[in-house]
Amino acid sequence: MQFIPILLLSAIQAYAAPQAGTGAQPTSFTANPDVGPGGDTYKDSDHFRLYSSDQSNAEAVLTMLEAAYSCYVGDLGWTTTGIPYNADPSTVTTLWKENVYAVSDLGSAAGVQKSDPNTGLSWLEIIPSYLADPRITVHEYGHALTYHSRNWVDQVATGAWWETIAQWVADTYITSSLCAKARSNANQPTGESMIELNKVIGDSYQVIVDASPNTGNYYQAWPFLTYLTNNPDNYPGLGSDVVRQLFEQYEKGSNETPLHTLARISTSASVQELVGRYWARMAYVDIGHPIAQDAFLNQRSGLNYANVDLQGEGVYVVKNGRRPQYMGANIIPLTEASDVQVTVASSGVFSATLAIRNTGTGAVRYVAFENGSGSAAIAGDEEASIVVVNTPQTLYQYDGFKLGDEVRQGLDYTVKISGATA
């Protein structure tokens with residue numbers, strides 16, 4: 001899939017938003033023509049108003065947006081975009097529609113989300129040819145949902161994660177069973193995953209959410225949120241509500257990273273354990289997302305796994321430019337694997353796992369290393385990979401747009417393998 005750049009403009013500003021009210025909501029919200037550029041040609045649905053001079057696909061666009069609203073606000077309980085961010089929910093008597101504008105020129109962007117500090121409402125601007133594309137419009141609506149969820153606004157450490165969240169919102173809407181009822185009720189198709197494997201796996205060594213110009217992964221890092229949501233390892237505290245909880249349990253005004261919030265949400269496993277197991281499962285995209293896994297199986301032969309160099313017989317050293325950075329990983333596929341024994345040595349703190357997949361059934365088993373070592377018998381119908389993850393004991397405070405030396409410091413390690421070749 002061709003990557004389409006999508007910009008977040010004024011969503012990250014010095015505003016604060018309230019918790020959503022819990023009372024019954026009206027079936028149809030009220031339009032506010034003063035939010036955004038305005039216009040005379042528009043079409044309404046219950047929760048949206050679409051301004052466009054060409055109304056030929058207006059019904060399709062509004063139906064798609066209403067399905068997204070139904071999934072996230074109706075089924076998953078996210079804060080409605082109808083409540084102004086700067087209002088006391090207990091005093092709100094009017095809920096407002098989200099204005100969506102067809103805009104001919106957004107520079108290099110296909111869509112943006114903006115906000116009005118006076119009304120406390122957000123609006124979307126989308127290039128006309130992308131209006132009916134959920135990869136764009138539902139992505140931008142994901143920004144609106146984040147904005148109206150309040151606690152991430154004006155928090156520098158969450159900034160890069162806004163794009164990660166919005167991509168997760170779009171992909172989940174398109175593919176996930178979480179939105180299946182909403183899609184079905186609106187006659188919306190299940191689509192292909194937005195997963196960009198060349199980045200998320202090919203550059204898995206990068207900081208887990210990295211917004212560096214030209215090289216960052218913040219648009220592609222969303223499978224981590226899918227892993228937390230699907231919770232295939234059944235960790236207490238995780239599951240279908242976990243992304244909403246990243247907003248709800250964020251310490252307002254703390255400027256903490258979402259990983260710090262996750263440390264409170266996860267009631268048994270540490271963030272380091274979660275990240276280590278996430279990357280182990282990404283060896284075969286075993287994260288409860290069958291559409292993404294099918295894409296992996298079709299594309300895996302073209303992915304970059306050149307993470308280590310042979311140093312001596314059975315001994316490998318990580319390539320300097322591929323050393324895992326903060327919460328990043330190396331995935332090392334093995335060949336000619338039988339009775340495998342692996343030892344990883346490093347002066348840094350890491351998590352390591354053998355991921356072993358049955359090529360017939362697709363089932364994957366995981367062998368977590370203890371004291372840097374792991375072993376397993378690999379059957380003839382199985383394949384295996386070593387996964388090494390940089391999981392320091394301390395969660396670092398960092399800005400994804402301005403990575404410091406602490407999070408960019410790569411993990412040096414050597415790995416000794418017997419019974420297989422890397």
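Mentor: Let us begin with a rule, since two strands are said to pair if DSSP finds at least two bridges between them. This is a predicted model, and in it strand β9, residues 339-345, is joined to β12 by five bridges.

Trainee: What makes β9 and β12 a pair, and in which sense do they run?

Mentor: The rule asks for at least two bridges, and five bridges join β9 to β12, so the two strands count as paired; they run antiparallel. One of the bridges can be found by residue, as Gln-341 has Ser-375 in β12 for its bridge partner.

Trainee: Why are β6 and β12 said to stand at the edges?

Mentor: The open sheet here has five strands in the order β6-β7-β14-β9-β12, with antiparallel pairing. β6 (308-312) and β12 (373-377) each have a single partner strand, so one side of each is left without a neighbour in the sheet. On average, neighbouring strands of this sheet are turned by 25° against each other, with direction ignored.

Trainee: Which strands form the open sheet whose pairing is mixed?

Mentor: That sheet also has its order, β1-β2-β3-β5-β4, and is made of five strands. From one strand to the next the twist averages 20°.

Trainee: How do you know that β3 and β5 pair, and what is the sense of their pairing?

Mentor: Strand β3 (residues 98-102) and strand β5 (residues 121-126) share four bridges, where at least two are needed, so they qualify as a pair; the sense is parallel. Within this pairing, Val-100 stands opposite Leu-124 in β5. Helix α1 (residues 58-75) lies across β1, β2 (48-51) and β3, and runs at about 150° to β2.

Trainee: How do you know that domain 1 and domain 2 are in contact?

Mentor: Contact means heavy atoms within 4.5 Å, and 25 residues of domain 1 are in contact with 33 residues of domain 2, so the two domains do touch by that rule. The domain assignment gives 29-186 for domain 1 and 197-418 for domain 2, and their C-alpha centres lie 32 Å apart.

Trainee: Which residues lie nearest the centre of the largest pocket?

Mentor: Of the 13 residues lining the largest pocket, Glu-273, Ser-351, Ala-352, Thr-353 and Ala-368 lie nearest its centre. The elements giving two or more residues to this lining are α9 (271-282) and β10 (350-358). By class, the lining of the largest pocket divides into five nonpolar, six polar and two charged residues.

Trainee: What lines the largest cavity?

Mentor: The largest cavity is lined by 13 residues, and those nearest its centre are Val-200, Ile-208, Asn-217, Ala-221 and Trp-279. At least two lining residues each come from α5 (197-200) and α9, and the lining of the largest cavity has seven nonpolar, four polar and two charged residues.

Methods:
Residues numbered from 1 in each chain as written. Predicted model: local features only at pLDDT ≥ 70, side-chain atom pairs only at ≥ 80, totals over all residues. Heavy atoms only, no water. 1 Å grid on protein atoms, 1.4 Å probe; cavity = no way out; pocket = protein on both sides within 12 Å on 5 of 7 lines; lining within 4 Å. Nonpolar A, V, L, I, M, F, W, Y, C, P; charged D, E, K, R; others polar. Axes fitted to C-alpha atoms, helices over the stretch in contact; angles between N-to-C directions. Domains from an automatic or database assignment.
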